[in-house]
Amino acid sequence: MHNSLCKIIQITLVISLIVFGGCATVQKPSRFYVLSPLNNQEGTTSENSPRRDIVLGIGPVELPQYLDRPNIVLRTSQNELKVSEFELWAEPLEDNFSRILAENLSNLNLTDHIIFFPWKRKINIDFQIAVDVTQFDCQLKGDYILNVRWTIFGRNGKKLLTMNKSSFSKKAFLDDYVSLVKLLNENLSDLSREISLAIRSRE
C-alpha cells in the first residue's frame, strides 16, 4: 500500500513538472518580412524616360523549389541550407518577387500598364519579361546572391528580343534578418534596373 502511494505521488509530481514547465516556456514570436519596391525618386530620371504607352507583361517568374516555403532560407555552405524557424516571409516569395519586380519596372519605365502572366490573348503586350531565378539566398555575415536567367519577348511573346544571364551579389558582415532582407532587396533592384535598360534600348 505504501509503495503504491509513493508511486502515485511520484507520477503526480512528474506530470506537474511537465505541465508547469511547459506553461513557463515562452515561445519566440515569429517575425515576418517582405521585399519592397524602388520609390519613384530612385527610379526616375528625365534623360532616360521612355514613352508611357508601353504594356509590360511580367512572367512567368520561377524560383527554386527550396524557396517554396514561408521560412527564410540561409546558405551555410555551397551544398547546405538552413531553414529559419521564426523568420518568415509574409507572403509566398515568388509572388512577392514578381510584384516588386513589376513595381520597380513601373517606376523605372514610367508606365502603369503592367499585367501578370498568364494573361488573356486579346491583350497586346509590347514586352514580355520571363524570369528564371536559380539562386536567391544568403549567408549571414557573408554573401547575398541573386542568380537569374531572364528573357524579353516582343510581339505578344512571339519574338525573342533579349536573353541574358545575370548575377548580383552583396557582401556584408551582418547577423540580423532586417539587414538580410534589405540586401536581397537591393539585388532585386539591380536586376530591375538591368531589365529596364534592356527594354529602353528596344524602344
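**Note on strand β6 and its surroundings**

1. Strand β6 is joined to strand β7 (residues 142–154) by 10 bridges, and the two run antiparallel; strands here are DSSP runs of E with at least two residues, helices are runs of H or I with at least four residues, and both are numbered from the N terminus. In the hairpin of β6 and β7, with 3 residues between the strands, Lys 141 takes a positive phi near 60 degrees.

2. The model is predicted, with local features needing pLDDT of at least 70 and side-chain atom pairs counting only at pLDDT 80 or more, whereas totals for chains, interfaces and linings use all residues. Residues are numbered from 1 along each chain as its sequence is written, and side-chain values use heavy atoms, with hydrogens and water left out.

3. β6 also pairs with β2, in the parallel sense and over 5 bridges, where pairing requires that DSSP find at least two bridges between two strands. Leu 56 stands opposite Phe 127 in β6.

4. Strand β6 (residues 127–138) is mostly covered, since 10 of its 12 residues are buried, buried being under 20% relative accessible area, exposed over 50%, and partly exposed in between (1.4 Å probe, protein chains only). Across the chain of 203 residues, buried residues make up 41%.

5. Asp 68, by contrast, lies in the loop between β2 (56–62) and β3 (71–77), and it counts as exposed because its relative accessibility is 58%.
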